[in-house]
Amino acid sequence: MSNNNVKTLRQSDECADDPLTSLLRQGARQLIEQAVEAELQRYLEEHSHIEHGGKKAIIRNEPVNNSV
C-alpha cells in the first residue's frame with residue numbers, strides 16, 4: 001500500500017514565460033544591484049584615505065564601453 005502525496009515541481013524553464021516570475025526576478029536583480037552598489041560605495045568611502053605612492057590605493061574602475 002503506497003500513500004504518496006509528493007508533488008512534482010515545474011522546472012525553471014517551464015515558468016520562464018510567466019510574467020509574475022519575470023517581474024519578481026527583475027525586481028530581485030535590481031535590489032541585489034542596489035545593495036552591491038551601496039556596499040561598494042561604503043567600502044570606497046571607508047578606505048579613501050589609503051594611499052600608495054602618492055595615489056589612492058583603492059579606486060573604482062569605470063566600466064569599459066564596448067559599443068563600436
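This note sets out numbered points on the structure shown above.

1. Model and confidence. The structure is a predicted model. The mean pLDDT of the protein is 85, and 85% of the residues score at least 70. Among the elements, helix H1 has the highest mean pLDDT, at 94, whereas strand E2 has the lowest, at 92.

2. Secondary structure. The protein contains 1 helix and 2 strands, and from the N terminus these elements follow the order α-β-β. Helix H1 covers residues 19-46. A loop that includes His 47 leads from H1 to strand E1, which spans 51-52.

3. Burial and surface. Of the 68 residues in the protein, 6% are buried. The accessible surface amounts to about 6900 Å², and carbon and sulfur atoms account for 53% of that area.

4. A nonpolar patch. Three leucines, Leu 20, Leu 23 and Leu 24, make up a nonpolar patch on the surface, and their accessible area together is about 330 Å². Leu 20 belongs to helix H1. The relative accessible area of Leu 20 is 53%, so this residue is classed as exposed, the cut-off being over 50%.

5. His 47. This residue sits in the loop between H1 and strand E1. Is His 47 buried or exposed? His 47 counts as buried because its relative accessibility is 18%, and the limit for that class is under 20%. Its C-alpha atom lies 8.5 Å from that of Ala 57, a residue 10 positions away along the chain.

6. Salt bridges in the whole structure. How many salt bridges does a search of the whole structure find? The search returns 3. As a general principle, side chains of opposite charge can pair when their charged atoms come close. The individual pairs are taken up in the next two points.

7. The pair between Arg 60 and Glu 37. The side chains of Arg 60 and Glu 37 form a salt bridge with an N to O distance of 2.6 Å.

8. Which residues are linked in a network of salt bridges? They are Glu 39, Arg 42 and Glu 46. Arg 42 meets Glu 39 in a salt bridge of 2.6 Å, N to O. Arg 42 also forms a salt bridge with Glu 46, where the closest N and O atoms are 2.4 Å apart. Glu 39 and Arg 42 are 3 residues apart in helix H1, about one turn of the helix. Arg 42 and Glu 46 are 4 residues apart in helix H1, which is likewise about one turn.

9. Glu 39 is partly exposed, at 42% relative accessibility. Arg 42 is also partly exposed, with a relative accessible area of 39%. Glu 46 has a relative accessible area of 43% and is therefore assigned to the partly exposed class, which lies between the limits of 20% and 50%.

Methods. Residues numbered from 1 in each chain as written. Predicted model: local features only at pLDDT ≥ 70, side-chain atom pairs only at ≥ 80, totals over all residues. Heavy atoms only, no water. Buried < 20%, exposed > 50% of the residue type's maximum accessible area, 1.4 Å probe, protein only. Areas by Shrake-Rupley, 256 points an atom, 1.4 Å probe, with all protein chains shown as cover. Patch = residues over 30% accessible without salt bridge, like charges linked within 9 Å, V, L, I, M, F, W, Y side chains within 5 Å. Salt bridge = Lys/Arg side-chain N within 4 Å of Asp/Glu carboxyl O. pLDDT = per-residue confidence, 0-100.
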